[in-house]
Amino acid sequence: MKQEQDISASERLHRHRLLEGMAQAVAEKGYAETTIADIVRAAAVSRRTFYEHFPAKADCLVALYEAASRNALDVLRQAIDPAHDWEEQAEAALGAYFDCLSRNPVLMRTLFVEILGLGAEGLAARRRVNRELADFMLQTVNGQGKRKPLSPDLALAVVGGINELVLRAIEQERVGRLRELTGVSVDLLRAVTRGAA
């Protein structure tokens, strides 16, 4: 049993190192120019180890996208303070989320723009992440009262709107100023909830 746990811990460590290697390589070169050799060099693992975890570079990118998205969702969750109303919670959470996203502009471009270049697999990963963000929004907004001001479709629409604001900031090379999107994002959420109530 202990040997199985050690192997599992070792596999988790290798996978984590590969994702960090992918993030580092992408931050330096962009996704298109990143090779598997770059990833394994940055991760300090063998090419064989890479292929034990991922069939191709695209699979590693999807895994990185999902891991980075889970991290961003954790930041959102940690910024929630149930002692405040949902609007204050949303403002604090969105500010923390935008700060998290702005820490690595090259990686953000890859995760928001180049993930879609993977076709159906990239789109499916993005949809899974957007659904998780929308579910979190529903819990935060609808969790405080008897009325349910936000439907699942409206929550997803708000997430899509915020994604578009982030994409525009990436295209305009304003990733370092993403926190400025907090106000308009909260305004969008307020407008949608008031219209739905």
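User: Between which two helices does the loop that holds Glu-173 lie?
Analyst: The model is a predicted one, in which local features need pLDDT of at least 70, side-chain atom pairs count only at pLDDT 80 or more, and totals for chains, interfaces and linings use all residues. Helices here are DSSP runs of H or I with at least four residues, numbered from the N terminus. In these terms, the loop that holds Glu-173 lies between H8 and helix H9 (182-196).

User: Where is Ala-44 found, and what is its relative accessibility?
Analyst: Ala-44, a residue other than glycine, also has a positive phi, near 55 degrees. Ala-44 is found in the loop between H2 and helix H3 (47-53). This residue counts as exposed because its relative accessibility is 55%.

User: Is Thr-34 buried or exposed, and what is its relative accessible area?
Analyst: Thr-34 belongs to the loop between helix H1 (2-29) and helix H2 (36-43). Leaving aside residues up to four places away in sequence, Thr-34 touches Met-22, Ala-25, Val-26, Lys-29, Ile-39 and Lys-57, where contact means heavy atoms within 4.5 Å. Thr-34 is buried, because its relative accessible area is 2%.

User: Which helix supplies the largest share of the lining of the largest cavity?
Analyst: A cavity is a set of points on a 1 Å grid over the protein atoms alone where a 1.4 Å probe fits but cannot get out, a pocket is an open set with protein on both sides within 12 Å along at least five of seven lines, and lining residues have an atom within 4 Å of a point. The structure holds one cavity of 30 Å³ or more, and of the 15 residues that line the largest cavity, Leu-76, Leu-94, Phe-136, Met-137 and Ile-162 are the closest to its centre. Ile-162 is also one of the buried residues of H8, and helix H5 (86-101), helix H7 (120-142) and helix H8 (152-171) each supply at least two residues of the lining. The largest share, five residues, comes from H7.

User: How many charged residues are in the lining of the largest pocket?
Analyst: Around the largest pocket there are 30 lining residues, and the closest to its centre are Leu-64, Ala-67, Ala-68, Ser-69 and Asn-71. Helix H4 (57-78) is among the helices that each supply at least two lining residues, and H4 gives the most, with 10 residues. By class, where Ala, Val, Leu, Ile, Met, Phe, Trp, Tyr, Cys and Pro count as nonpolar, Asp, Glu, Lys and Arg as charged, and the others, Gly among them, as polar, the lining of the largest cavity has 13 nonpolar, two polar and no charged residues. The lining of the largest pocket has 17 nonpolar and seven polar residues, and its charged residues number six.

Key:
Residues numbered from 1 in each chain as written. Heavy atoms only, no water. Points joined across faces, edges and corners; volume = space filled by probe spheres on them. Buried < 20%, exposed > 50% of the residue type's maximum accessible area, 1.4 Å probe, protein only.
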